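Please look over the sequence and the structure before reading the points below.

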Amino acid sequence: MPSAWRDARIALDVARQSGKTAVVGFDDVGVAGLLMSMREGADFQAFITEKLGKTSQRERPQRDVLIKTLRTFFASNCSQQATAKELRAHQKTIAYRLDKVERITGLDLASHEDRVLLYLALKMNDLIT
């Protein structure tokens with residue numbers, strides 16, 4: 001019972017952070033739930049802004065392309081070749097886009113820790129947008 005109560009409280013915190021009125025179950029919060037359980041009251045938006053940097057503030061077409069490339073990169077196990085194939089783009093185009101994300105965010109996609117932080121920021125952004 002105590003663990004169910006904790007899970008429900010975490011789901012409620014995620015729902016409050018999102019600002020949405022939809023029901024959020026603990027199974028739906030994923031990594032964000034894990035983070036919330038470690039530190040109650042975490043500020044998603046500040047984390048997202050800090051990690052995604054100005055990527056999310058770009059003009060619509062460019063922002064969408066960079067975010068889609070980044071999501072596909074993570075879904076492709078961080079393989080530029082697989083990302084290029086999935087997006088039907090040249091591998092050099094993918095390398096250019098990922099380099100641009102690195103420059104904008106200040107994170108190094110060759111660093112596992114930086115990749116995890118960027119991945120978490122994208123997942124949290126999906127939860128609250």
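This is a predicted model: local features need pLDDT of at least 70, side-chain atom pairs count only at pLDDT 80 or more; totals for chains, interfaces and linings use all residues.

Residues are numbered from 1 along each chain as its sequence is written, and side-chain values use heavy atoms, with hydrogens and water left out.

**Confidence**
- The average pLDDT (the predictor's confidence in each residue, from 0 to 100) is 80 for the protein, and 71% of the residues score at least 70.

**Whole protein**
- The protein has 7 helices and 0 strands; helices (H or I, at least four residues) and strands (E, at least two) are DSSP runs, numbered from the N terminus.
- Of its 129 residues, 36% are buried, where buried means under 20% relative accessible area, exposed over 50% and partly exposed in between (1.4 Å probe, protein chains only).

**Helix H6**
- The 15 residues of H6 (residues 91-105) should span 21 Å at 1.5 Å a residue, and its end C-alpha atoms are 21 Å apart, which agrees; the expected span is 1.5 Å times one less than the number of residues.
- Ile94, Leu98, Lys100, Val101, Ile104 and Thr105 are buried in H6.
- Seen down the axis of H6, these buried residues fall within an arc of 150°, so they line one face of the helix; the arc is that of the directions from the helix axis to the C-beta atoms.
- Lys92 and Arg103, on the other side of H6, are exposed.
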